[in-house]
Amino acid sequence: MSRDENGRIRSWTLAPSLPRYQPPAGAVDAHCHVFGPMADFPFSPRAKYLPQDAGPEALFALRDKLGFARNVIVQASCHGTDNRATLDAIAKSGGMARGVAVVDPAIGDDELDALHAGGIRGVRFNFLKRLVDDAPKDKFIEVAHRIQRLGWHVVVYFEADILDEMRPFLAAIPTLIVIDHMGRPDVAQGPDGPDMRAFRALLDSREDIWTKVSCPDRLDPEGPPYADFIRSVRPLVEAYPDRVLWGTDWPHPNMDKLLPNDGLLVDVIPRIAATEELQQKLLVDNPMQLYWPDLQRRQEAVEPVPHLG
């Protein structure tokens, strides 16, 4: 564990390895965070952890080192519903980042409009009790209805043991849904284990439920080369190629006991998405459709039509 003189935790390695795998052009890290800097954006008094600063400059330097072009910055729970750090990072990205906010259910429409103008394209509902004190499902559903006019989606974070009780809530959400980290299944069970079977049943229940096939460092306690994660997740990517996203999860909140190596995490990608076509969908096509749809449509409009004569 790495703590500074003020007891603030660092959960990321300062010198990640250079990945062997080279992502396709335009690849998107679709799940990452920023912490602070605390002097400008204080952490929530209700935060369950106190991290060291991990600001946009460090995030974008990592993006470039790993071979990615864009970021989707997800509001970290340590900042509560104050999205200023996330908005600041998006503003400093030169158009190469979008965001997912955490909002107070009482937020006004004008505030939602301001978040949209700042690059937010979704809202996150967190059900991990160790991270949040309150998760009012009825209020969350109201928020989900209110963001429809903006074209946003809902990101939901929960663990596998509450999937059954989450089903009515998820069924009531009117927007596209993205499940963080596959609902944290026990990957040691394998691709046909009860956790993954239950999660597949959820995906089969609605065509507009997507997921992030991310966080081998969280889900595979055996560590690199993350064999159980790969064995369990690769069939999921192959079965739902148009509904999967990937992200580093940098700066890896609460992973301070064993700091993840982001270069090794990137090298997992070709082992869960084994073909160039699957990698293109996972890293470019799917996240662009969700976070930069206008840009993606413009790019498709100017692509040359193959000559068939």
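This briefing covers the sheet, a cavity and several local backbone features of the structure above. The model is predicted: local features need pLDDT of at least 70, side-chain atom pairs count only at pLDDT 80 or more, and totals for chains, interfaces and linings use all residues. Residues are numbered from 1 along each chain as its sequence is written, and side-chain values use heavy atoms, with hydrogens and water left out. Helices (H or I, at least four residues) and strands (E, at least two) are DSSP runs, numbered from the N terminus.

**Sheet**

- Eight strands form an open sheet in the order S3-S4-S5-S6-S7-S8-S9-S10, with parallel pairing; two strands pair if DSSP finds at least two bridges between them.
- Strand S3 (28-32) and strand S10 (244-245) stand at the edges with a single partner strand each, so one side of each has no neighbour in the sheet.
- Strand S6 (residues 120-126) and strand S7 (residues 153-157) run parallel and are joined by five bridges; Arg124 stands opposite Val155 in S7.
- Strand S8 (residues 177-179) pairs with S9 in the parallel sense over three bridges, and Ile177 stands opposite Ile209 in S9.
- From S8 the chain crosses through helix H6 (residues 194-205) to S9 in a right-handed β-α-β crossover; right-handed means that, with the strands pointing away from the viewer, the path from the first strand over the helix to the second runs clockwise.
- Strand S9 (residues 209-212) is covered on both faces, with Ile209 and Thr211 buried on one side and Trp210 and Lys212 buried on the other. Buried means under 20% relative accessible area, exposed over 50%, and partly exposed in between (1.4 Å probe, protein chains only).
- S9 and S10 run parallel and are joined by two bridges, with Thr211 opposite Val244 in S10.

**Cavity**

- A cavity is a set of points on a 1 Å grid over the protein atoms alone where a 1.4 Å probe fits but cannot get out; lining residues have an atom within 4 Å of a point.
- Grid points are joined across faces, edges and corners, and a volume is the space filled by probe spheres set on the points.
- The count comes to one cavity of 30 Å³ or more, and the largest cavity holds about 40 Å³ of space.
- Its lining consists of Ile9, Ser11, Phe35, Tyr49, Leu50, Pro51, Pro253, Asn254 and Asp256.
- Six of the lining residues are nonpolar, two are polar and one is charged.

**Backbone features in loops**

- Most residues other than glycine have a negative phi, and most peptide bonds are trans.
- The peptide bond from Gly36 to Pro37 is cis, with omega near 5°; Pro37 lies in the loop between S3 and H1.
- The bond from Trp250 to Pro251 is also a cis peptide bond, with omega near 0°, and Pro251 lies in the loop between S10 and helix H9 (262-266).
- His181 is not a glycine but has a positive phi of about 55°. His181 belongs to the loop between S8 and H6 and is buried, with a relative accessible area of 2%.
- Arg184, likewise a residue other than glycine, has a positive phi near 50°. Arg184 is found in the loop between S8 and H6 and counts as buried at 17% relative accessibility.

**Arg63 in helix H1**

- Arg63 is placed in helix H1 (residues 56-66) and counts as buried because its relative accessibility is 13%.
- Not counting residues up to four places away in sequence, Arg63 touches Phe68, Ala69, Arg70, Asn71 and Met96; contact means heavy atoms within 4.5 Å.

Terms used. 1 Å grid on protein atoms, 1.4 Å probe; cavity = no way out; pocket = protein on both sides within 12 Å on 5 of 7 lines; lining within 4 Å. Nonpolar A, V, L, I, M, F, W, Y, C, P; charged D, E, K, R; others polar.
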